[in-house]
Amino acid sequence: MYSEKVMDHFQNPRNVGEIEDASGVGTVGNAKCGDIMRMYLDIDENGVIREARFKTFGCGAAVATSSMATELVKGKTVQEALLVTNRAVMEALDGLPPVKVHCSLLAEEAIHAALWDYAEKNHIVIEGLEKPRSDIHEGEEEEEY
């Protein structure tokens, strides 16, 4: 049912925890399944993500997608991190069962929420970044998997 990578990131999640004085913090959830994901980003003066951490309350797939998302954004610029989609997270994990695709959407939205927080704190606009939804169930039917 789950790939070896999903199981590895669930059983040995990377980057768990908080970042004190984070550059950006984003919290998103899915009211339908009860998963809540909080992403912390430490972004340097050149707009490069030095560190990414997460805290997730949810199923194994939610933990695995959070873990992989932090791995995918570390070392990237803010613009590059914006391009980390739910599909990229799923591919990096060698796929997710269809009923767990929403977990990868949570990971994408958590990245966007943390970037939004960073932009607001620094009074900047990140081109291509839209205000994130706090509940990914909003408009979920419109998402393409």
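**Exercise 1. Determine whether the length of helix α5 agrees with its number of residues.**

Solution. Helices are DSSP runs of H or I with at least four residues, strands are runs of E with at least two, and both are numbered from the N terminus. The expected span of a helix is 1.5 Å times one less than its number of residues. With 21 residues at 1.5 Å a residue, α5 should span 30 Å, and its end C-alpha atoms are 31 Å apart, which agrees. Next comes burial, where buried means under 20% relative accessible area, exposed means over 50%, and partly exposed lies in between, for a 1.4 Å probe and protein chains only. Because 17 of the 21 residues of α5 are buried, the helix is largely enclosed by the rest of the structure. After α5 comes histidine 123, with a positive phi near 55°.

The model is predicted, so local features need pLDDT of at least 70 and side-chain atom pairs count only at pLDDT 80 or more, while totals for chains, interfaces and linings use all residues. Residues are numbered from 1 along each chain as its sequence is written, and side-chain values use heavy atoms, with hydrogens and water left out.

**Exercise 2. Carry out the length check for helix α2 (residues 60-73), and state what covers its buried residues.**

Solution. The 14 residues of α2 should span 20 Å at 1.5 Å a residue, and its end C-alpha atoms are 20 Å apart, which agrees. In α2, 11 of the 14 residues are buried, so that the helix is mostly covered. Among the buried residues are Ala61, Val63, Met68 and Val73. Their cover includes α1 (4-11), β2, β3, α3 (78-82), α4 (86-92) and α5. Just after α2, glycine 75 has a positive phi of about 85°.

**Exercise 3. Describe the surroundings of lysine 76.**

Solution. Lysine 76 is placed in the loop between α2 and α3. Its relative accessibility is 29%, and therefore lysine 76 counts as partly exposed. Contact means heavy atoms within 4.5 Å. Not counting residues up to four places away in sequence, lysine 76 touches Gly47, Val48, Ile49, Ala81 and Val84. Arginine 50 is 26 residues from lysine 76 in sequence, and the two are 8.2 Å apart in space, C-alpha to C-alpha.
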